[in-house]
Amino acid sequence: LWQKIIQFKYLKNDSICTVKHRQTDSPIWADLLKIRDIYVQGRKFIIGDGKKILFWRDRWLYDQPLAQLFPDLFKMSQQQDIALAAFKLNPQSLTFSRWLVDVWKSQWYEILADTANISLKYDNDVVYWKFGAKEHFTVKFVYNAHS
């Protein structure tokens, strides 16, 4: 229930990675947005239908998000918030603002080869927290890690 309320009230069609702070946000939500980067760093996915996973921003293919591993490609990408499902449906829908020279082209082909091995399923994507005993995000973990 809590997840549905957050989705409806604050996220709408955004991801936690892309949602912006608004003046009308509650103080608690504003504080949660302040630790968003910590949450995102510890978040991992079990790939289902790929609709909740952001191709560039989420950690799903490697141990780090593609945006961190390939920052030049990410900056040139014209679809920085494309979902994995949309990419898998049509990889040509992800375009770049300039031609990819040899190094960038090599990196892009590496990503394409590795994503070709990923199969989407009918189940929803599952988000879990890689730190902690029960794989659930806790404020206590963040507090202890940064105090």
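**Close-up views of a predicted model**

**View 1. The buried residues of helix 7.** In helix 7, the residues W104, W108, I111 and T115 are buried. Viewed along the axis of helix 7, these buried residues lie within an arc of 60 degrees, so they line one face of the helix. The opposite face, turned away from the buried side, carries the exposed residues D102, V103, Y109 and A116. Cover for the buried residues of helix 7 includes helix 4 (66-69), helix 5 (71-76) and helix 6 (84-89).

View 2. T115 belongs to helix 7, which comprises residues 102-116. Its relative accessibility is 2%, and because residues under 20% are classed as buried, T115 counts as buried. When its neighbours within four places in sequence are left aside, T115 is in contact with F55, W60, L61, F87 and K88.

**View 3. The largest nonpolar core.** This core has 24 residues. Which residues have the most contacts inside it? They are F55, W56, W60, L66, L73 and W108. Helix 4, helix 5, helix 6 and helix 7 each supply at least two residues of the core. In soluble globular proteins, nonpolar side chains tend to be buried together.

View 4. The model contains 10 aromatic pairs. In one of them, the ring centres of F55 and W60 are 5.7 Å apart and the ring planes stand at 45 degrees, so the pair is tilted. A second example, formed by F96 and W108, is edge-to-face, with 5.0 Å from centre to centre and 80 degrees between the planes. This pair links distant parts of the chain: F96 lies in the loop between helix 6 and helix 7, W108 lies in helix 7, and the two are 12 residues apart. F96 counts as buried at 15% relative accessibility, and W108 counts as buried at 8%. Ring pairs link F55, W56, W60, F74, F87, F96 and W108 into a cluster.

View 5. L54 is placed in the loop between strand 1 (43-46) and helix 4. Is this residue buried or exposed? L54 is buried, its relative accessible area being 8%. Along the sequence, L54 and L66 are 12 residues apart, while in space their C-alpha atoms are separated by 9.7 Å.

**View 6. The two sides of helix 2.** Helix 2 (residues 27-34) has W29, A30 and L33 as its buried residues. Seen down the helix axis, these buried residues fall within an arc of 100 degrees, so they line one face of helix 2. On the other side of helix 2, P27, I28 and K34 are exposed.

**View 7. K9 in helix 1.** K9 is found in helix 1, which covers residues 2-11. With a relative accessibility of 45%, K9 counts as partly exposed. K9 and D25 are 16 residues apart along the chain, and their C-alpha atoms are separated by 9.1 Å.

**View 8. The chain as the setting for the close-ups.** The chain has 8 helices and 2 strands. In order from the N terminus, its elements run α-α-α-β-α-α-α-α-β-α. Of the 147 residues in the chain, 37% are buried. Among contacts in the chain with a separation of 6 or more, 56% are between residues 24 or more positions apart. The chain exposes about 10000 Å², of which carbon and sulfur atoms supply 56%.

Conventions. Residues numbered from 1 in each chain as written. Predicted model: local features only at pLDDT ≥ 70, side-chain atom pairs only at ≥ 80, totals over all residues. Heavy atoms only, no water. Helix = DSSP H or I, 4+ residues; strand = E, 2+ residues; numbered from the N terminus. Buried < 20%, exposed > 50% of the residue type's maximum accessible area, 1.4 Å probe, protein only. Contact = heavy atoms within 4.5 Å. Arc of directions from axis to C-beta. Areas by Shrake-Rupley, 256 points an atom, 1.4 Å probe, with all protein chains shown as cover. Core = buried A, V, L, I, M, F, W, Y, C linked by side-chain atoms within 4.5 Å. Phe/Tyr/Trp six-rings, centres within 6.5 Å; stacked < 30°, edge-to-face > 60°.
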